[in-house]
Amino acid sequence: MSESDVLRAPDELRRLDQCAQERIDRPGAVQPHGLLLAVDPGTGAVVQVSDNVATLTGRPVQDVLGHGLATLVGVDAAQAIARASERDLAEPADPVPVELCGSAMDVLVHRSPDGLLLLDLEPGHDRGPEAWLATLHAVMQRLAVARTVEELRGLTVDAVADLLGYDRVMMYHFHPDGHGEVVAERLLDESLEPYLGLHYPASDVPAQARALYVQRRSRMIVSSTYDPALLVPPLNPLTSEPNDLSQSELRSVSPHHLTYMRNMGVGGSLSVSLVTDGELVGMISCNNGTPRHVPYLLRRACELLGQQVALQLDALGRTAALEARLRRQQVRADLVEQAVVTRDLSGGLAAGPVTVLDLVRARGAVVRVDGRTATVGDVVPPDHLAAVLDRVGPGRAEPLVTSSLGLDHPGLAAEAPSAVGVLLVPLGSGDFVAWCRPAVAQTVEWLGDQSTSNRVTPLSPRSSFRRWRQTVTDRAVDWEQGDVDAAVALADDIGRHLDEERARRTAVRTALTARITAELAETLDPDEALRRLSHLVVPDLADWCMVTMVEEGETPGSRSPVRTAAWSHREARCVGLVSEVVAGEDLPWPLRAVHRAVTPDVEAEFAVDAGLVRVWAAELLEGSARRALLELEPHSCTVLPLVARGRVIGAIGLISAADRGALRPPERETAREIAGRAALALDNALLYRRQRKMAEVLQRSLLTDPPRTGDLQTAVRYNPAAEAAKVGGDWYDVFVRGDAATVLVIGDVVGHDIRAAAAMGQVRSLVRGIGVATDAGPAELLGHVDRAIGTLGANTIATAVVAQVHQDAEDVAAGRARVCWSNAGHPPPLVLMPDGQVQSITHGRPDLVLGVDPTTDRGEGGMVLPRGATLLLYTDGLVERRGCRIRTGIAQLEEAVADLAHLPLGELCDELLRRMLPDQPMDDVALVALRTGVR
């Protein structure tokens, strides 16, 4: 049998129930050492009297009932009692001294809740209160210097024993479960058996008795063998109910309690309440072997003493609790500081110089935070505790506190059969902190055998109060309130940190997602997009990362090859190690799962240990790659497919070491969103790359090498734009017509995509076809082309310059040439003269671009090019810059051409491109140059 068995045994519960039903506040009788009178305040007549009135006053009951007080106590005393009754009787008043039959009596005046004025008459004392004041003052002075609870308790029982002279003076302390313990004792009769340290059940001082002890701070029972003095009449004449005697000093006690006292060998007793914040927390209990009467004023002095002791005990307890709380607060602060600097909050609470076991003493503890579990010491399996939490309710906020899970919660014990003492504090979302204590053998000493063998009936008081030892084996050491408070406070600290951390993580993840989306949108190069992706997810989501991409261009229906396109590591020194792992096999181990899958909805997440890493290293890698993987020490990996338009186009592997652990659910959700956005960006980049390749092939197929005619040297150049807009509509053409004229064409179709390349091919073909077929001049040729664009519905806008170079025999002999040109909204050509002079050639304002108005009139210009002159046609990408006027660009081009005039024609073109273009040109550039008189 355990302590809890005693406190919750069926017989004990029945005793408590029986006690609760007994109306000890309305016993209908008083103790016979005194006399009780009930007076109707309206008439002043006595309406009830205890039946011992004749014994104490010599007057029979009938001579007292219905008469005024003066007939019993005299006029002067009756008037004094009347004056006392007019005062506030909420607090006990000083007694009114009277003399009855030659004996001094104290009249105690109080008002019954039932409406009657009740008068307790009990023997007075020949010594006045001044006889005790010096002693009481000295006692209080001694008590005031106590520094600990134990010291104060000892001093109190010594002082009360010396003051009152009872054989035994004890101090009781009530435990939270209701049972009591003797925590201090003074024996004036050394032959008595000590009760110090003994426990007694709650039924010894039941709930309604405790309530009366709070109302009346002292209770004297003069004799345990008295016969009660019954009230006459038995019922209150005003209410026809038993009179409420809860304020009466003479109120008779329960017969069970008198039996209790006699069985205990007590002839008389006095109890003084210790009340804190309206709660009975203990008592000073005085027992005597023979009947004993203590005057009222001395009892009042003991009540004051009890109040001081209660206040001082509370202050000492609060001080000790505050000191303990401050110590625990420091431990909590150290714990939280230690935990937050790690990336694993649960591990930070369970490992390190300070652990949760320093906050709450236990054999072991389990911490589960953000789904990650860490343990310290000997613990109940964490999954069992999680099952207990699930059973009591995932949304539970209150801690689960038990010293015996099996006794207190049999249903929960089935979930955790090895658990005994458990202090479990939920953190929300299935997280918790739990401390575990094992069952330990504890000896509890009781005030008498608590079993039915020590009782006449199961509900009667114990017959013997000899020390009774009990060994408790199925309970852990009880959790103190300080343990619970510290655990809850830590949970609050963790909760606040988690809220702040989750808010921070949410902000980081939101910013990360936005940053990744923005940076991936800035590039149309698939490899650059994946490189950026691998660097952006580290270290926010993983310690290191590898990204693969499915290659294009394979035969339909066959499995496309996969390559690792990008990787990164949070530590620069480890990037080389990841590179060695990537180089060691065609497809690194974390990414095989997705690419071997048939469907694109595969998501792999797994934890690995050192043994599994060694197996992978041995089976998949060799040499430096094997050593690199072992040094990287991967612990957890999440592999997410990059899925676009229903197909896997790549995968991203997020790998972390043991101190970081697996992705948390919010991180995993962020990783999925990033994978989706990355897949969309990658798919767009791949689509653009395919279009760009098609446009490049188309464009380059149309940009043919120029012909060589006589002493006219031509050179052509095409320079594509940077990756973001690589394919444009710029083109050139050089061809010889049937009349031997050399035609130079430069043009630019609006747009930078495959449609622009296709449109460029159409316009170029129109110019070439019409130019060859009609022998038309430049203006007429552009007019024909403009009308053809409209007729064919090409919906194309383009700029162009057509220049026709003619030579007859004299021109050839002189090394010169005649040129005529027409300009449809294009930058003006340049002419470099043999003397190094450079000029832009125009025929007035440039004509309207092609594709707008086919009826527009177009003009021509012409000039003679002497031997060694150079004609240069170019597109706007050579002279246009962001933030710079095109005229400034043309002036810079003229300056460059003049500076490079001495170079051969091909070198001149190359050097012009080098000087005029930035490293990453935003537009494509076409260039056509012709030099005369070159043999």
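**Close-up views of a predicted model**

Among contacts in the chain between residues at least 6 apart in sequence, 68% join residues at least 24 apart. The model is predicted. The chain has 935 residues, of which 51% count as buried, and its secondary structure comprises 26 helices and 35 strands.

**View 1. An open sheet of 5 strands has the order S15-S14-S18-S17-S16.**
The pairing in this sheet is antiparallel. Its edges are strand S15 (372-377) and strand S16 (400-402), each of which pairs on one side only. From one strand to the next, the twist averages 5 degrees. Strand S14 (residues 364-369) and strand S18 (residues 431-437) are joined by 5 bridges in the antiparallel sense.

**View 2**

**View 3. Helix H10 (residues 296-340) packs with helix H15 (residues 481-521).**
Two packed helices are described by the angle between their axes and the distance between the axes. For H10 and H15, the angle is about 30 degrees and the axes are 11 Å apart. Angles under 35 degrees count as roughly parallel, and H10 and H15 are therefore described as roughly parallel to each other. Their crossing is right-handed. On the H10 side, the contact is made by Arg-328, Arg-332, Leu-335, Val-336 and Val-340. H15 contributes Gly-482, Asp-483, Ala-486, Ala-489, Leu-490, Asp-493 and His-497. By class, the contact of H10 with H15 has 6 nonpolar, 2 polar and 4 charged residues.

**View 4. A second open sheet of 5 strands has the order S27-S28-S29-S30-S33.**
Here too the strands pair in the antiparallel sense. Strand S27 (730-736) and strand S33 (861-865) are the edge strands, each pairing on one side only. The twist averages 15 degrees from one strand to the next. Strands of a sheet pair through backbone hydrogen bonds, either parallel or antiparallel.

**View 5. Strand S30 (residues 817-824) pairs with S33 and with S29.**
S30 is mostly covered, with 7 of its 8 residues buried. With S33, S30 forms 5 bridges, and the two strands run antiparallel. Ala-817 has Leu-865 as its bridge partner in S33, and Trp-821 has Gly-861 as its bridge partner in that strand. The pairing of S29 with S30 is antiparallel and extends over 7 bridges. In this pairing, Val-801 stands opposite Asn-823 in S30. Helix H23 (residues 778-792) lies across strand S29 (798-806) and S30. H23 runs at about 35 degrees to S30.

**View 6. Thr-796 is found in the loop between H23 and S29.**
Its relative accessibility is 6%, so Thr-796 counts as buried; the cut-off for buried is under 20%. Leaving aside residues up to four places away in sequence, Thr-796 touches Val-749, Ala-759, Gln-762, Val-763, Ile-789, Leu-850 and Gly-851.

**View 7. Thr-638 is found in strand S24 (residues 636-644).**
Thr-638 has a relative accessible area of 2% and is therefore buried. Ile-652 is 14 residues apart from Thr-638 along the chain, and the C-alpha atoms of the two residues are separated by 8.2 Å.

**View 8. Helix H25 (residues 886-899) crosses helix H26 (residues 905-916).**
The two axes come within 10 Å and cross at roughly 140 degrees. Angles over 145 degrees count as roughly antiparallel and those from 65 to 115 as roughly perpendicular, so H25 and H26 are described as oblique to each other. H25 passes H26 in a right-handed crossing. Gly-889, Gln-892, Leu-893, Ala-896, Val-897 and Asp-899 are the H25 residues of the contact, and they meet Leu-908, Leu-912, Arg-915 and Met-916 in H26. By class, the contact of H25 with H26 has 6 nonpolar, 2 polar and 2 charged residues.

Definitions and conventions. Residues numbered from 1 in each chain as written. Predicted model: local features only at pLDDT ≥ 70, side-chain atom pairs only at ≥ 80, totals over all residues. Heavy atoms only, no water. Pairing = 2+ DSSP bridges. Helix = DSSP H or I, 4+ residues; strand = E, 2+ residues; numbered from the N terminus. Axes fitted to C-alpha atoms, helices over the stretch in contact; angles between N-to-C directions. Contact = heavy atoms within 4.5 Å. Buried < 20%, exposed > 50% of the residue type's maximum accessible area, 1.4 Å probe, protein only. Left-handed = near helix turned anticlockwise from the far one by under 90°. Nonpolar A, V, L, I, M, F, W, Y, C, P; charged D, E, K, R; others polar.
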